[in-house]
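Visitor: I would like to learn how to read a protein structure feature by feature. Could you take me through one, giving me the general idea each time and then the case at hand?

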Amino acid sequence: MKAMILAAGKGTRVRPLTYDLPKPMIPLLGKPVMAYLIEHLEKYGVKEIMVNVSYLHEKIEDYFGEGHQYGVQIGYSFEGYTKDDGEVVPQPIGSAGGMKKIQEFGGFFDETTIVLCGDALIDLDLKSALFEHKRKGAIASVITKEVPWDKVSSYGVVVTEKDGRIKSFQEKPTQEEALSNFASTGIYIFEPEVLELIPAGVTFDIGSDLFPLLAAKGLPFYAQTRPFNWIDIGTVTDYWEVCQSVLLGEVAHLDVPGIQINDGLWVGLNTSIDWHGTRIEGPVYIGSGTRIESGVTIIGPTWIGHGSHICKDATVERSILFEYTRVLPSVSLSETIVFKDYSVDRAGEMTHISEYDPDTWGNARDRRSKRRSGKDGLESGK
């Protein structure tokens, strides 16, 4: 079995994280979501993986390379073009269109292929899913999960016969319009014949274009509903909740990195903690090269990225601070994600650094203990 990871989207609902990162590169426990997918595929003997890329493609390609460190082979298909002045312009052509481009280029899809969205964490038993796919003689299979009715508008909804055969597919219906609450997880199994149904040279999506076509033609197209963990990072709020669950140990097979030096406290290498008046209630991870000054309070679940600096008497509570974040003296952050020049609260409300008091937070690589006001203040936060 081969694999295809879909990684060409912009991830607009996960901004500001995706201002600087493609969605598959968003980290969980300091490791990109897509890395977990590749490790899972390798565990089941899937060694050949194609990835379609577009927005910030170089971040994915530079990190994963050709896949040798994972024991697999990874190939990339860029969707976009380069202007005469050398500017690279991303231009995704749809998930199915991306597969068609790969097939026309080199005929990669010459056997059963599992297709995965690059922005979700899964522990699906691929062997069992493949067995059911083959047993039913399916040309295409969709792995589904039951979701609450009030969440169906966020997903592609699958409507099936009693034997699992798909009779219709609704892309993000309203709750009133939805005929089912079984959502596509973005995990598919395709036979090579599916590629023949995708038109060449046009934007074509798997969920909104290909699946309705398969259902309309009455082809052997089935849904599978099986028990497995599926953690979808659809929004920044989802990301915050997922990180909280992971740090609390509620997600199997995900262990906090670093060395555990206290109950619920893990640290990376060369971390400096002044324990005078400092209180840390886990679960908390403090990344390598991070400095914690005296009088600091940290309440978990909290992740503090490497190279950060939490100044005297500051409080960080149930938050995620990306690398090189400085929290200035006596500042309190609660249920907040801090990513470079932006913060996001639990409700998903995004705030730029320029909207904060200049003595709140900034870049730990800046040697100044306070940011300058005005234009200089914005620059120091980069």
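This is a predicted model: local features need pLDDT of at least 70, side-chain atom pairs count only at pLDDT 80 or more; totals for chains, interfaces and linings use all residues.

Guide: The general idea is to look for the charged end of a Lys or Arg within 6 Å of a ring centre and within 35 degrees of the ring normal. Here the charged end of Lys2 sits over the ring of Phe108, at 4.4 Å from the ring's centre. A further case is Lys145, which lies over the face of Phe228 at 5.1 Å from the ring centre.

Visitor: How many aromatic pairs does a search of the whole structure find, and how are the planes of Tyr155 and Trp230 set to each other?

Guide: The idea is to compare the angle between the two ring planes, since planes under 30 degrees apart count as stacked, those over 60 as edge-to-face and the rest as tilted. The search of the whole structure gives 12 aromatic pairs. In one of them, the ring centres of Tyr155 and Trp230 are 5.6 Å apart and the planes stand at 55 degrees, so this pair is tilted. Tyr155 belongs to the loop between strand 10 (140–146) and strand 11, while Trp230 belongs to strand 15, so the pair ties together parts that lie 75 residues apart in sequence.

Visitor: Are Tyr155 and Trp230 buried or exposed?

Guide: A residue is called buried when its relative accessible area is under 20%. Tyr155 has 19% relative accessibility and therefore counts as buried, and Trp230, at 16%, counts as buried as well. Another pair, that of Phe190 and Phe211, is edge-to-face, with 6.3 Å from centre to centre and 80 degrees between the planes. That pair links distant parts of the chain, with Phe190 in strand 13 and Phe211 in helix 6, 21 residues apart. Phe190 counts as buried because its relative accessibility is 1%, and Phe211 is buried with a relative accessible area of 0%.

Visitor: How should I read a strand, and why is strand 11 described as largely enclosed?

Guide: One looks at burial along the strand and then at its partner. Strand 11, residues 156–160, has four of its five residues buried, so the rest of the structure largely encloses it. Strand 11 and strand 12 run antiparallel and are joined by five bridges, and Val159 stands opposite Ser168 of strand 12. The hairpin that these two strands make has five residues between the strands, and Gly164 takes a positive phi near 95 degrees there.

Visitor: What lies closest to the centre of the largest pocket, and how many residues line it?

Guide: The largest pocket holds about 930 Å³ of space. It is lined by 37 residues, and Lys23, Cys117, Asp119, Lys172 and Asp205 are the closest to its centre. Strand 13 supplies the largest share of this lining, with four residues. The lining divides into 14 nonpolar, 14 polar and nine charged residues.

Visitor: Which residues lie nearest the centre of the second largest pocket?

Guide: Of the 38 residues lining the second largest pocket, Pro27, Gly30, His306, Phe322 and Glu323 lie nearest its centre. The space in this pocket is about 680 Å³. Helix 7 gives the most to its lining, namely four residues, and by class there are 21 nonpolar, 10 polar and seven charged residues.

Visitor: How many cavities of 30 Å³ or more are there, and what lines the second largest cavity?

Guide: A pocket is open, whereas a cavity is a space from which the probe cannot get out. The count comes to two cavities of 30 Å³ or more, and the second largest cavity has about 40 Å³ of space. Among the residues lining the second largest cavity are Leu37, Cys117, Ile187 and Trp230. Strand 13 contributes the most to this lining, with three residues, and the lining as a whole has seven nonpolar, two polar and no charged residues.

Notes:
Residues are numbered from 1 along each chain as its sequence is written. Side-chain values use heavy atoms; hydrogens and water are left out. On a 1 Å grid over the protein atoms alone, a cavity is a set of points where a 1.4 Å probe fits but cannot get out, and a pocket is an open set with protein on both sides within 12 Å along at least five of seven lines; lining residues have an atom within 4 Å of a point. Grid points are joined across faces, edges and corners, and a volume is the space filled by probe spheres set on the points. Ala, Val, Leu, Ile, Met, Phe, Trp, Tyr, Cys and Pro count as nonpolar, Asp, Glu, Lys and Arg as charged, and the others, Gly among them, as polar. Buried means under 20% relative accessible area, exposed over 50%, partly exposed in between (1.4 Å probe, protein chains only). Two strands pair if DSSP finds at least two bridges between them. Rings of Phe, Tyr and Trp (its six-membered ring) pair if their centres lie within 6.5 Å; planes under 30 degrees apart count as stacked, over 60 as edge-to-face and the rest as tilted.
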